Amino acid sequence: MILAAECDVANEVICAPADVNELFDFPTIFTIGNFEVSRTEILMIFAAFVVLILFYFGLRQQRLVPSKFGVAIEGMIGFVRDGIGRDVIGPESTKYLPYLLAMFSFLLVGNLFEVTPLINFPISSRMAIPVFLSLVTYLIFMILGFSRNHFRYLIDTAWPKTVPIGLRWLVGLIELVSVFLLRPLTLAVRLFANMVAGHLMLTLLLGSGVIFLAAIPEIGVKGSIGLFWFALGLFMFLLEVLVAVLQAYIFTLLTAIYIESSIHFEH
Amino acid sequence: MEGNIADLAPALALIGYGLGAIGPGIGIGIVAGNAITAMARQPEMQGTIRTTMFLGIALTEALALIGFVLFFIASAG
């Protein structure tokens, strides 16, 4: 919701939402058992459906010369398979491609909801979604690390043999914290923070632009500053499209890098 | 003008986050700048360099992100 608050322009020229949470927290629409379904959950399921529909219509007919839409979908799959999977993980990447592709496409659609008219809400700006995805990634690379390298995974992380003995405890400590604690945390927070910041900025710029412009009849020429805010908001809008795609890419890329570091642990 | 230090918590958290973002900002600049130099010198290595650049940015950015989380924790408390 870009025009966040039900703002009574007639009474108050500059009005803000009472709380920043209003932009991210939506009232419950209905409940199923103990689950309270609000706009966020509906959008989440909608994003999954959009991904399914895109893949279904993109890959429905296997033709020698695919349609333009089919080329776009195949291009995306090829990008994840070659640019993320094969380049980072190597020949083994086929095994992890379904996970990477599912995550990339879901995050891409979910992030682009931020700049989709009438939706205007990035679902990954609710912490639950990045946290869940990063915990799944964490489980995958932990299980891989321990099953491929057994207990050596933990010991060699905390006591790296390649580092000179004087610094080994320090590097080991940093590595231990970074691998086992900071990786899942930063993976989730990076996506969350970028989406929250983008959503807030768009709301503030476009919202204040519209409010000022709507108030021109009352405050006169001073309201034309809204034009500046609105232009800035449109510029940020384009930037946010870039950020949404980039964050989906980075999330998937880091997942691939973490998986790779668990498989080829020795270096 | 009276009050206790707890009222200042959000403002202090904001200042703290601003300070915490300086280092990672410089770091990301160095990483990205060197990646551009490397790409300009060896365009054929672009894919590898980009991957490594994002890894470097991710590791550097972690500090700023920790600051971001701590900002929320500190300003709420």
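Predicted model: local features only at pLDDT ≥ 70, side-chain atom pairs only at ≥ 80, totals over all residues.
Let me start with helix α3 of chain A, residues 97-112, which packs against α8(A) at an angle of about 155°, with the two axes 8 Å apart; axes here are lines fitted to C-alpha atoms, for helices over the stretch in contact, and angles run from 0 to 180 degrees between N-to-C directions. That angle makes α3(A) roughly antiparallel to α8(A), since angles over 145 degrees count as roughly antiparallel, under 35 as roughly parallel, 65 to 115 as roughly perpendicular and the rest as oblique. The crossing of α3(A) and α8(A) is right-handed, a word used when the near helix is turned clockwise from the far one by less than a right angle, with left-handed used when the turn is anticlockwise.

On the α3(A) side, the residues that make this contact include Leu100(A), Phe104(A), Leu107(A) and Leu108(A), and on the α8(A) side they include Ala244(A), Ala248(A), Phe251(A) and Thr255(A). Two residues are in contact if their C-beta atoms, placed from the backbone, lie within 7 Å. By class, the residues of the contact of α3(A) with α8(A) divide into 11 nonpolar, four polar and no charged, where Ala, Val, Leu, Ile, Met, Phe, Trp, Tyr, Cys and Pro count as nonpolar, Asp, Glu, Lys and Arg as charged, and the others, Gly among them, as polar.

Residues are numbered from 1 along each chain as its sequence is written, and chains are lettered from A and ligands numbered from 1 in the order in which they are written.

Staying with α3(A), this helix has 16 residues and reaches 22 Å from its first C-alpha to its last, close to the 22 Å expected at 1.5 Å a residue, the expected span being 1.5 Å times one less than the number of residues. Among the buried residues of α3(A) are Leu101(A), Ser105(A), Phe106(A), Val109(A) and Gly110(A), and a residue is called buried if 20 or more other C-beta atoms lie within 10 Å of its own, exposed if 12 or fewer, and partly exposed in between, with C-beta atoms placed from the backbone. The buried residues of α3(A) pack against α1 (39-58), α2, α6 and α8 of chain A. Pro98(A) also lies in helix α3 of chain A, but Pro98(A) is exposed, because it has 9 other C-beta atoms within 10 Å.

What does chain A look like as a whole? Chain A has eight helices and two strands, which are DSSP runs numbered from the N terminus, H or I of at least four residues for helices and E of at least two for strands. Along the sequence, the pattern of chain A is β-β-α-α-α-α-α-α-α-α. Its C-alpha atoms fill a box of roughly 70 × 60 × 45 Å, taken along the principal axes, and 29% of the 267 residues of chain A count as buried.

Now to the contact between the chains, which takes 11 residues from chain A and 10 residues from chain B. On the side of chain A that touches chain B, α2 (68-89), α6 (165-214) and α8 (225-263) each supply at least two residues, and the largest share, five residues, comes from α6(A). That side of chain A has eight nonpolar, one polar and two charged residues.

Two helices of chain A can be followed onto α3(B). The axes of α6(A) and α3(B) come within 9 Å and cross at roughly 75°, which makes α6(A) roughly perpendicular to α3(B). Leu182(A), Val189(A) and Arg190(A) are among the α6(A) residues of this contact, and Glu61(B), Leu65(B) and Phe68(B) are among those of α3(B). For α8(A) and α3(B), the packing angle is about 95° and the axes are 10 Å apart, so these two helices are also roughly perpendicular to each other. Here Ile250(A), Leu253(A), Leu254(A) and Ile257(A) in α8(A) meet Thr51(B), Phe54(B), Leu55(B) and Ala58(B) in α3(B).

Finally, two loop residues of chain A. Asn120(A), in the loop between α3 and α4 (128-149), has a phi near 55°, a positive value in a residue other than glycine. His150(A), in the loop between α4 and α5 (152-158), has a positive phi of about 55° although it is not a glycine.
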